[in-house]
Amino acid sequence: MKLIDKYNRAHSYLRLSVTGNCNLNCIYCNPLTSDELISKHSLSNQEIIRLARIFVTLFEFSKIRLTGGEPFARKNIIELFEELSILKKEFPFELAVTTNGTLLNGKLKKLKELGLDRLNFSLDSLIPERYAQITGKNVQSKVLHTIDEAESEGFLNTKINTVVIRNVNDDEIPDFIEYSIKTGRNIRFIEYMPFSNNGYDKDGFISSKELLNTINKSYKLTPDELDAGFVAKDYLIKNTNARISFISPISDHFCGLCNRLRITADGKLKLCLFSPHKTEIDLLNFIRNGFPDEQIKDSISNALLEKDFAHPEIDDLIQLKNNDIISLGG
Ligand code: SAM
């Protein structure tokens with residue numbers, strides 16, 4: 001059965017936060033100021049697999065992305081991939097992960113064998129010292145090395161996520177474009193979003209449109225005709241392999257076509273990054289109280305009826321409480 005909401009949007013993509021912990025402390029995310037998730041309230045591997053199975057088999061979901069926190073900061077993450085790999089063989093789906101890339105050393109071959117399909121890396125500066133200022137750790141070279149290693153292990157279409165913040169890293173846009181020209185890697189410029197605990201500074205916000213206008217003064221970007229996605233708007237630079245994308249959750253949100261649901265590291269179903277708490281349901285509680293799959297399935301279907309057509313505008317988002325990205329998963 002397809003999971004369709006009242007706006008006729010069929011949901012098929014699950015973003016699963018596998019931990020609320022992170023080894024970095026990015027200035028726009030600030031995990032160290034978030035409440036620590038108590039481990040007994042976090043999903044176990046078995047519970048994650050149970051939920052993944054429900055979404056894939058009962059709702060025909062075709063894609064699962066692991067996120068967090070930092071997925072590779074989870075202790076038993078490789079065992080989790082092993083179990084997902086078994087599920088995937090039985091019921092095929094696309095398996096992706098978003099990572100800061102700093103804890104992956106030596107794990108990529110195994111991940112490829114276990115059926116990981118896609119990797120997105122976060123990289124907000126090409127300048128090592130600035131990377132350290134943004135993330136709190138001087139580990140940028142590890143990320144660059146891991147991206148190289150991922151490509152050698154056969155991970156294709158690796159994407160690089162860059163949150164652009166005015167007066168923090170916006171001066172590096174040409175460098176990121178040159179990096180994309182040089183490596184052929186897809187750079188995705190993401191608009192800076194407000195979350196609780198991220199000390200949001202509205203002056204730091206730069207819309208994708210402004211960014212595109214600035215870039216167009218020096219480079220000739222042309223929309224990618226083959227772009228089938230709706231979250232990122234893809235552009236190509238003539239006579240190069242560069243692909244530059246813009247993700248505009250604030251200025252040009254893609255809610256109308258949303259096909260995503262999220263599960264937080266402590267097992268809550270989130271209808272949207274910015275959905276109100278009253279619409280969350282506690283899937284972990286259902287599992288630990290012995291609810292059968294069918295009952296969990298019905299609860300998810302009912303919860304979806306509460307999904308709004310779009311998230312509020314930026315001034316209202318700034319006011320949202322208890323909405324830290326680290327536990328809900330970016
Ligand atoms: N630790 C992993 C990583 O660094 O990619 C996964 C979790 S992180 C929360 C997922 C994505 O959310 C990253 O690409 C990050 O840049 C993005 N993100 C976090 N806070 C953000 C914010 N305030 N605005 C825009 N994107 C944000």
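## Basis of the description

In this predicted model, local features need pLDDT of at least 70 and side-chain atom pairs count only at pLDDT 80 or more, whereas totals for chains, interfaces and linings use all residues. Residues are numbered from 1 along each chain as its sequence is written, and side-chain values use heavy atoms, with hydrogens and water left out.

## The ligand and its shell

The ligand is surrounded by 19 residues, the closest of which are Tyr28, Gly69, Glu70, Ser122 and Met193; a residue is near the ligand if one of its heavy atoms lies within 4 Å of it. By residue class, this shell divides into seven nonpolar, 10 polar and two charged, where Ala, Val, Leu, Ile, Met, Phe, Trp, Tyr, Cys and Pro count as nonpolar, Asp, Glu, Lys and Arg as charged, and the others, Gly among them, as polar.

A nitrogen atom of the ligand lies 3.1 Å from a backbone N or O atom of Tyr28. An oxygen atom of the ligand is 3.4 Å from a backbone N or O atom of Thr99, and an oxygen atom of the ligand is 3.3 Å from an N or O atom in the side chain of Asn161. Taken alone, the ligand exposes 540 Å², and the protein buries 94% of that area, as computed by the Shrake-Rupley method with a 1.4 Å probe. Two or more residues of the shell come from each of strand 5 (94-99), strand 7 (159-164) and strand 8 (186-191); helices (H or I, at least four residues) and strands (E, at least two) are DSSP runs numbered from the N terminus.

Asn161, found in strand 7, is buried, with a relative accessible area of 8%; buried means under 20% relative accessible area, exposed over 50%, and partly exposed in between, with a 1.4 Å probe and protein chains only. Besides its place beside the ligand oxygen atom, the side chain of Asn161 makes a polar contact of 3.0 Å with the side chain of Arg188. Such a contact is a pair of N or O atoms within 3.5 Å; within protein, one must be able to donate a hydrogen and the other to accept it, and residues adjacent in sequence count only if both atoms are side-chain atoms.

Glu47, in helix 1, is also buried, at a relative accessible area of 11%, and a polar contact of 2.8 Å joins its side chain to that of Arg288.

## The cavity

The structure holds one cavity of 30 Å³ or more. On a 1 Å grid over the protein atoms alone, a cavity is a set of points where a 1.4 Å probe fits but cannot get out, and lining residues have an atom within 4 Å of a point. Grid points are joined across faces, edges and corners, and the volume is the space filled by probe spheres set on the points.

The lining of the largest cavity includes Tyr28 and Ser122, along with Leu24, Cys26, Asn100, Leu123, Asp124, Tyr131 and Thr135, and divides into five nonpolar, three polar and one charged.

## Positive phi in two loops

Most residues other than glycine have a negative phi. Glu60, in the loop between helix 1 (45-58) and strand 4 (63-67), has a positive phi near 60° and is partly exposed at 37% relative accessibility. Asn239, in the loop between strand 10 (232-237) and strand 11 (243-247), likewise has phi near 60°, and Asn239 is exposed, with a relative accessible area of 78%.

Terms used:
1 Å grid on protein atoms, 1.4 Å probe; cavity = no way out; pocket = protein on both sides within 12 Å on 5 of 7 lines; lining within 4 Å.
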